[in-house]
Amino acid sequence: MVEGDEAKARRKYFVLIGLAYFVLGPFLAFSLLFLFRLLDHDNVVVGQNRAIEILREYDLGWLYFSWCIIFLTRMYATINANGARAAAKIGRPDQHVYRTEEFDSSGEQQQPSKEEESFLPINGEEGKKKEGVVVLMENVGAGGRFNRAQRAAFNMDESLELLVVGIALSGFVVPRIICFLSIIYAFGRIKFTNAYTNSLERRARSSLIYSLPQIIISAFVGIFAFESLTSFKES
């Protein structure tokens with residue numbers, strides 16, 4: 001049973017991610033379609049309808065829908081991890097908590113006391129009970145800068161496979177829009193990487209630039225899955 005700080009954080013991220021991918025994403029995706037049609041109506045609409053017809057002909061809408069299922073599963077894993085992070089009071093860039101173990105003279109591992117078993121290692125009052133038990137990542141100086149740079153790279157890796165597949169799927173239908181979004185994503189990722197490397201606090205402000213293209217691309221995959229599985233046709 002999930003409760004307390006973890007349940008509160010999970011509710012928060014369910015709302016935030018739900019709004020981002022089911023409200024904001026589709027709205028921005030349709031807005032981009034509308035804008036590109038204004039700029040080059042014939043090529044965009046004709047190309048999109050031709051691509052959707054190919055998806056219908058080969059029954060590929062289920063492939064797009066399958067991507068949506070996997071993507072939402074990954075989003076749940078993110079929500080679950082953020083909930084557990086809140087309950088443990090683990091700050092970024094830390095991704096894991098390590099505890100040192102004590103051994104007696106014979107080399108046998110000593111059993112932790114009840115106080116040690118219930119010890120909460122991060123930032124809370126209980127975290128002061130036993131100094132030196134928990135090993136955390138360095139977050140200051142050159143070592144901290146290196147850790148944050150590594151974490152910025154791993155942050156991109158966590159969603160890269162889904163993003164690349166989403167680009168391929170949605171780019172088949174609207175390649176110009178996806179190329180535009182990829183450029184924005186690359187710019188945002190570079191800005192985020194530099195900001196995270198320089199300061200933990202600065203990363204949040206720059207994450208929006210790369211997050212929006214990801215949200216829009218995921219919305220496009222869902223939209224094209226719907227279009228190819230129904231008789232809906234753009235005009």
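Contact here means heavy atoms within 4.5 Å. With that in hand, hello everyone, and let's start at Gly83. Gly83 touches Glu6, Ala9 and Arg10, leaving aside residues up to four places away in sequence.

A quick word on what we are looking at. This is a predicted model, in which local features need pLDDT of at least 70 and side-chain atom pairs count only at pLDDT 80 or more, while totals for chains, interfaces and linings use all residues. Residues are numbered from 1 along each chain as its sequence is written, and side-chain values use heavy atoms, with hydrogens and water left out.

Back to Gly83, which is found in helix H2 (residues 61-88). Helices (H or I, at least four residues) and strands (E, at least two) are DSSP runs, numbered from the N terminus. Is Gly83 buried or exposed? Gly83 counts as buried because its relative accessibility is 0%. For us, buried means under 20% relative accessible area, exposed over 50%, and partly exposed in between, with a 1.4 Å probe and protein chains only. The C-alpha atoms of Gly83 and Lys8 are separated by 7.6 Å, and these two residues are 75 residues apart along the chain.

Now for the charges. There are four salt bridges in the structure, each being a side-chain nitrogen of Lys or Arg within 4 Å of a carboxyl oxygen of Asp or Glu. In one of them, Lys89 pairs with Asp5, with the closest N and O atoms 3.5 Å apart. Lys89 lies in the loop between H2 and strand E1 (98-99) and Asp5 in helix H1, so this pair ties together parts that are 84 residues apart in sequence. Lys89 is partly exposed at 36% relative accessibility, and Asp5 is partly exposed at 42%.

Another salt bridge joins the side chains of Arg56 and Glu53, at 2.8 Å from N to O. Both residues lie in helix H1, three residues apart, about one turn of the helix. Glu158 and Arg151 form a salt bridge too, with their closest N and O atoms 2.8 Å apart. Here Glu158 is partly exposed, with a relative accessible area of 34%, whereas Arg151 is buried, at 11%.

On to the rings. The structure holds nine aromatic pairs. Rings of Phe, Tyr and Trp (its six-membered ring) pair if their centres lie within 6.5 Å; planes under 30 degrees apart count as stacked, over 60 as edge-to-face and the rest as tilted. Take Phe192 and Tyr210: their ring centres are 5.1 Å apart and their planes at 70°, so the pair is edge-to-face. Because Phe192 lies in helix H5 (residues 175-198) and Tyr210 in helix H6 (residues 203-229), the pair ties together parts that are 18 residues apart in sequence. Both Phe192 and Tyr210 are buried.

Which residues form one aromatic cluster? They are Tyr185, Phe192, Tyr196 and Tyr210. Charges come in here as well: the charged end of Arg189 sits over the ring of Tyr210, 3.7 Å from its centre, and that of Arg203 sits over the ring of Tyr196, 5.6 Å from its centre. The rule is that NZ of Lys or CZ of Arg is within 6 Å of the ring centre and within 35 degrees of the ring normal.
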